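My entries follow in the order I made them.

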Amino acid sequence: MEVKIMLLLNKKGSTIEMETIRKFITILSFLLILIIFSTIGIMLIEQWSFLDALWHTIITISTVGYGEVHPLSTTGKIFTMFVIIIAFIVFAYGASTVASMIFEGELQEIFIIKRIEKMISKLKEHTIVCGLGRTGQAAIKELWKEEIPFVVIEKDKARIEETKTKYPNLIYIIGDATQDEVLIKAGIKSAANLIVATADDADNLFITLSAKNLNPKLRIVARANREENVLKLKRAGATEVILPNVIGGLRMASLAIRPSVVTFLDIVTHHGEIDLRLEEVKIPKGSPFHGKLLKDLEIPKKTGVIVISIKRGDGSFILNPTSTTMILEGDSLIIIGTREQAENLKKLVKGREPGKI
């Protein structure tokens, strides 16, 4: 399934919606006040009944052109002209306000926000990315390439516009990820993963703590700028904590002393031109792989992938597993292969033949 969505969750949306509602309420309030004022005025001046006075007010304001219920006195005519002038001003204000909302895109933006909220409500097991800095941009690039549904939360509109030039078909809302209501709008309760990539460790800590409270099963990968904050983030609920500066330094050192290894890793982590990748394939409950030895499954023969490691359900790893290693439900196979080969293996573990849906 092809999914190319970036949703940048937005508190601004509710602000725009409330402002638009306020404008409509203001217009309706002016109109209601005018109707009440005119009806009471005619009742007092002409001594008409409420219904007759209201009928006179409605046909006057709406300019439908019906004849008067009763002849008007001079005072009544002057009062009615005054009402017509006020009505014209109210209608002119209402028309200009509505036109302004249309041309400035307020109404269109509200429709987009509603459509986004509907799309988010249908997302399950998606990934949420908080922050559109360099780290966040790298994360969404990978998610986009892998066609994984995700929601991005970003409060800087300039970064939104910049990102839209790279991903022209993206859907977005702007928002502050430190607020629970924004995380909930992003579908935090039904999400599978959260990438916390803002530039502020305090914000990352707060987001991690809030997200874990909203969804205890969520897998959280958080960014830390300072090493002393790693433990704090893990205590707050982060599954993994990444130090970009440390990773950058290690990569530079590796390029200096073992360049071929780094080149190979670039290939299998999707940065090379060759379609070769490291993948993780989970063994689901009821899989035909359960209880079988690695040699009996003939994975390389059937799919072409190489199993380099097995992660057990308890979190332990079996590196370079032997042919007599038994596969169990809940295991994750760490493999090297092309995308097509990996997809074939994912079908096999579910009991389907490669190449079939």
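**Strand β3**

I began with strand β3 (residues 150-153), where F150 and V152 point one way, V151 and I153 point the other way, and all are buried. Buried means under 20% relative accessible area, exposed means over 50%, and partly exposed lies in between (1.4 Å probe, protein chains only). Strands (E, at least two residues) and helices (H or I, at least four) are DSSP runs, numbered from the N terminus.

I noted how the model is to be read: it is predicted, local features need pLDDT of at least 70, side-chain atom pairs count only at pLDDT 80 or more, and totals for chains, interfaces and linings use all residues. Residues are numbered from 1 along each chain as its sequence is written, and side-chain values use heavy atoms, with hydrogens and water left out.

**Partner of β3**

I looked up which strand pairs with β3, and found strand β2 (residues 127-130), parallel to β3 and joined to it by four bridges. Two strands pair if DSSP finds at least two bridges between them. In this pair, I128 stands opposite V151. From β2 the chain passes through helix α5 (residues 134-145) to β3, a right-handed β-α-β crossover. Right-handed means that, with the strands pointing away from the viewer, the path from the first strand over the helix to the second runs clockwise.

**Cores**

I then checked the largest nonpolar core, which has 25 residues; I128, C130, I153, I188 and L194 have the most contacts inside it. Such a core is a set of buried Ala, Val, Leu, Ile, Met, Phe, Trp, Tyr and Cys residues joined through side-chain atoms within 4.5 Å. Among the elements that each supply at least two residues of this core are β2, β3, β4 (193-196) and β5 (219-223). Helix α8 gives the most, with three residues. Apart from this core lies another, of 16 residues, including L294, V305, L345 and L348.

I listed what I128 touches: among its contacts are V151, I153, I188 and L194, leaving aside residues up to four places away in sequence. A contact means heavy atoms within 4.5 Å.

**Strands β9, β10 and β12**

Strand β9 (residues 306-311) runs antiparallel to β12, and five bridges join them. V307 stands opposite I335 in β12. β9 also pairs with strand β10 (residues 317-319), again in the antiparallel sense, over three bridges. There K311 stands opposite F317. The hairpin of β9 and β10 has five residues between the strands, and G315 takes a positive phi near 100°.

**Two helices**

Which residues of helix α11 (residues 259-268) are buried? I found V262, D266, I267 and V268. Their cover includes α10 (244-257), β7 (277-282) and β12 (332-337).

T75 is in helix α3 (residues 74-103). I read T75 as partly exposed, because its relative accessible area is 49%. T75 and I42 are 33 residues apart in sequence and 9.5 Å apart in space, C-alpha to C-alpha.

**Whole protein**

I counted 14 helices and twelve strands. Of the 357 residues, 41% count as buried. The average pLDDT is 83, and 87% of the residues score at least 70; pLDDT is the predictor's confidence in each residue, from 0 to 100. Over residues 1-13 pLDDT stays under 50.
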